[in-house]
Amino acid sequence: MPEAADAVKPEGEGEAPAEAEEKTAEDEAHQSQEITGLFLQHPETTVAVTGTDIVFTAKVDSTTLSRKPTIKWLKGKWLDLGSKAGKHMQFKETFDRATKIYTWDMKIIKVVPGDAGAYRCEVTSKDKCDSSAFDISVEAVNVEEEHDIMAAFKRTDAGEDEGSLDFSALLKATKKKKKPVVDEEKADVWEILKNAQPSEYEKIAFEYGITDLRGLLKRLKKMKTVEPKHSDAFLKRMESAYSVDKGKKIVLEVEVVDPNAQVKWLKNGQEIKSSAKYIIESVGNIRTLTINRCSLADDAAYECVIGEEKSFTEVFVKEPPVTITKLLDDYHVVVGERVEFEVEVSVEGAHVNWMFEDQELSRDSHKYRFKKDGMKHMLIIQEASLDDIGMYWCFTNGGRTKGELDVEEKELEVLQNIADLTVKAEDQAMFKCEVSDEKVTGKWLKDGVEVLPSSRIKLTHIGRIHRLTIDEVKPEDAGDYTFIPDGYALSLSAKLNFLEIKIDYVPRQDPPKIHLDTTGNMVSKNTIIVVAGNKLRLDVEISGEPPPTVVWAKGDTAITALEGRVRTENRKDLSCFVIEGAEREDEGNYSITVTNPAGEDKANLFVKIVDVPDCPENVKCTSVGEDCATMVWEPPKFDGGVPVTGYLMERKKKGSTRWTKLNFDVFEGVTYEAKRMIEGVLYEMRVYAVNGIGMSQPSLNSKPFMPIAATSEPLGLKVHDVTDTTCTLKWLAPEKIGAGGLDGYVIEYCKEGELPKIRLPRYLRQKYLRRVGDKINLTIPFQGKPRPKVQWYKDGEELDVRVASIRNSEVDSILFIRSAERSHSGKYELVLQIENMEARAILEIRIVETPGPPEVVKVTDVWGFNAALEWKPPKDDGNCEITGYTIQKADKKTNEWFTIYDHNRRTNCTASDLIMGNEYMFRVFSENLVGKSEDFCLSKDTAIIPKIGLEYNPPPFKEKDMQSAPKFIQPLLDRSVVAGYSTAISCAVRGFPKPKIRWLRNKIPLDENPRFLMQNNQGVLTLNIRKPSQYDGGKFTCKAINPLGEDVVECTLLVRGMDGGKGGGGRVGVEYRDGEMD
């Protein structure tokens, strides 16, 4: 059963309490640093021999880290070993790009006793950190007979200078008297240290093999009574040590002599700055340092410094013990199952140790996985085995728990036994069995002897099935065969019987014949087309007795290779010719010749290799406009053996890597006008050639070109000054200069009345688009004196005033169309004429509208859950280019339309994700620059997605006779109401056909009385009476009548007066109608 107990103290704790306390505090500090578990491999505690080299390795997986991790090697609490790198200590860092694992090595060369102590390795990466602690113990070399006298004088704590001889100790020894040798067993080290000077501590520690000098000095400090020294700066010093719980506050206080003295506070030799964490205060002669929310990082040495004098203390931060809140459970599993031990502790992110029996489990083991999730810690065994049986322990610094694991063997079940076989000579024999565990292996025996695989005998194991296959069975193969699974006391046996058949052989001879299959990839009887890069495998059946000899040849050269890219393969009654990765050089005439003693046969083939074309050449720009450019290129030199069907163009901005497609359907010509470009931006273009095989590689990029438009005309030209021989002019810069900039002006002059000129606006220099019904009002300025004669033409003929209105002035001409129509599209020409001089300007107007619907939408193919659609472009394109199509689908069950494609540029598409068992119809809208067509084209046929493998035979349906006579299922209830308040009475009836309802009061029908509202809602009958009087009481009757019968229900309505009087008694049936009383 699981149990928890207090943490067991390690042996020898009472022998060195100071050392134990220090190690415990350090261990707790190290455990608290393991916050995220970054280490894949931790440095391990090592016992080294003096003079040897040791290496410590740490590994970190950086796949989940956002930044490169950094590492620090520390000795003790705060000594950074990075500054000690040299001959004695070396540090190395490596990175594996495949696994993204960082590896750090710390190598100590020729270990000395001074290297002993506690070490720590810290890894940080942005907001994540991890720490791993390890110890180094140093043992002296065990040499009894020979001693290295020089080693006694080597410096053991000199870092890089280690190994140099120090003769100063020898010189000092000559001045002192020789002391008697003290027996190590009887010498009291503590007494020697108490009486010795501090300068001799290191020598005594080295002499008596003491490696933890720091712990020794701490303990000695507690044992020795030091007389306080008089200080000129401090009246009261800090205590030698302080203890504080983790998360609490501590105040360090000193009293100084001079109230104006300035003090410095140091932590591990580094000055402390005032902050929210550290509060430094000065009140009179008192100086205080307050540390808020102490953590393990605050466990350090602190100093208060005034001038040359210091007050020293140490702060120890105590961490509360980690207790176990959820114990381990026992597990009982079978071999191969997953085991997950789980324990919960009291502190999130605490460090725990796992042990199996008396052996600590390493995190580097591939068998065990350790997982940490908040306060939960898990030990995972992926596949339990019999070796895992035992007790598992989980230890914290405040408790322990255990759980037992029991593993049983899995019983093997035979799903298919092997059967006896009887085979003939040269046939194949196959024994087959199936067991319940696919991981079980085994061996096959024949008559007690293990069967080994060979070229004729094959042993296979796929999943749970084991097979023994014997090809070309011989008489010696007969016998008893047995399969024995490994690790199980089980065997499966069967017998192989050999059937010998004697046949009288009569040799015969048949002439050889080639049976060439002319179907498949042959375009004619003897031509085969192969796409470059594909594999050609031509299997040719051959007959003849005795078996003929086959020879393949290309031209006059025989092909004899049995391996390689071009090879032949010969089998019984079959010859294969193989070309791996066909190339253009493989094209040519091939022949196959078969011969035997009875004759010869031959067949000729032509292999044609087709490929994608070469790329187009000499792509260049011939002209540019404001937002367009004209590109030309040359066709590819090699068309790949298939005619080039067209080209695809792409463009990009210079310096960019993003290419934009200019056309989705292939363009057949070699001159293309690219539009929708930005003026003043450098562009590059490339072209692909397309044939029936595919698309070529892109051409070389064209030279960069820039769309540029001409500047507009200068403004405000006027004569500023005139002399006898000169004329000074002034004008304003053009409104639009364009990306090409303004280089200067060209000034022309003429005699008055000459050179008419038309100033055509920029937006009219391109195609002018307007929708049907829009108003067109174009003003075209011009100049010329005397006033020129203005004439308009449309498509070469004089403009009819019924088509458009024209208004001319001395400086401009206006073309006005009140409501544009398609017939107004065309080329308009403005002609100015002054005597024998004239000026012309042409503008193109196009009136556009929404296009008509596409034509002939049909379903060309249906497979799986998909349907292929095709259609033809609309006859009416709205007088502009068709930009795309919108495709919708609807199933015949709901007739609800859903859009499956928007802006589809091609005249075909594939509808996917159709539902099995539904029948779909499709419709297509066409789109242009104006918008989507108003009408659509519906597919002539539908796409039926069949239910594969499902056939429903409904039972015969017999219609039920639902006819019945009326019957009230809810009667009328007697009511008593107050006069003047509206009320209602209701009942419910059923019957088929639907019955006719009649209401009566005191046997008088109420059909024409407006004060009574009759309602029938699904058989629920309601009579609403609006503000009844005392004369409206009486007996109400409801009749339901249909051809099968009738039913009646009655109730009494009593109307009371406001004073409690009752109505409806002797006055039942009295009612006023239109001022008369019945």
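Predicted model: local features only at pLDDT ≥ 70, side-chain atom pairs only at ≥ 80, totals over all residues.

Trainee: Which residue forms a salt bridge with Asp 1032, and how far apart are the closest N and O atoms?

Mentor: The general idea is that side chains of opposite charge can pair when their charged atoms come close. Here the partner of Asp 1032 is Arg 1011, with the closest N and O atoms 2.9 Å apart. The two residues lie 21 residues apart and link distant parts of the chain: Arg 1011 is in the loop between strands S77 (1004-1005) and S78 (1012-1017), and Asp 1032 is in the loop between strands S79 (1020-1025) and S80 (1034-1042). Arg 1011 has 30% relative accessibility and therefore counts as partly exposed.

Trainee: How many salt bridges does the count come to?

Mentor: The count comes to 38 salt bridges. One of them joins Asp 586 to Arg 565, where the closest N and O atoms are 2.8 Å apart. That pair also links distant parts of the chain, with Asp 586 in the loop between strands S45 (574-579) and S46 (588-596) and Arg 565 in the loop between strands S43 (557-559) and S44 (566-571). Asp 586 is buried, at a relative accessible area of 6%, whereas Arg 565, at 31%, is partly exposed.

Trainee: Are Arg 822 and Glu 849 buried or partly exposed?

Mentor: Arg 822 is partly exposed at 32% relative accessibility, and Glu 849 is partly exposed at 25%. These two residues form a salt bridge whose closest N and O atoms are 2.5 Å apart. They are separated by 27 residues, Arg 822 being in the loop between strands S62 (812-817) and S63 (826-834) and Glu 849 in the loop between strands S64 (837-848) and S65 (855-863).

Trainee: How many disulfides does the count give?

Mentor: A disulfide is a covalent bond between the sulfur atoms of two cysteines. In this model the count is zero. Cys 1038 is in no disulfide, as the nearest cysteine sulfur, that of Cys 987, is 4.1 Å away, and the cut-off is 2.5 Å. Cys 1038 is buried at 0% relative accessibility, while Cys 615 is partly exposed at 28%.

Trainee: What is the order of the strands in the open sheet of three strands?

Mentor: In general, strands of a sheet pair through backbone hydrogen bonds, either parallel or antiparallel. In this case the order is S48-S49-S52, and the pairing is antiparallel. S48 (617-624) and S52 (671-674) are the edge strands; each has a single partner strand, so one side of each lacks a neighbour in the sheet. On average, neighbouring strands of this sheet are turned by 25° against each other, direction ignored. Five bridges connect S48 with S49 (residues 629-634), and Thr 630 in S49 is the bridge partner of Ser 623.

Trainee: Which residues form a nonpolar patch on the surface?

Mentor: The patch is formed by Leu 717, Val 719, Val 722, Leu 729, Ile 737, Leu 742, Tyr 745 and Ile 747, together having about 720 Å² of accessible area. Strand S54 (residues 715-722) gives the most to the patch, with three residues. Val 719 is found in that strand, and Val 719 is exposed, with a relative accessible area of 52%.

Note on methods. Residues numbered from 1 in each chain as written. Heavy atoms only, no water. Buried < 20%, exposed > 50% of the residue type's maximum accessible area, 1.4 Å probe, protein only. Pairing = 2+ DSSP bridges. Helix = DSSP H or I, 4+ residues; strand = E, 2+ residues; numbered from the N terminus. Axes fitted to C-alpha atoms, helices over the stretch in contact; angles between N-to-C directions. Salt bridge = Lys/Arg side-chain N within 4 Å of Asp/Glu carboxyl O. Patch = residues over 30% accessible without salt bridge, like charges linked within 9 Å, V, L, I, M, F, W, Y side chains within 5 Å. Areas by Shrake-Rupley, 256 points an atom, 1.4 Å probe, with all protein chains shown as cover.
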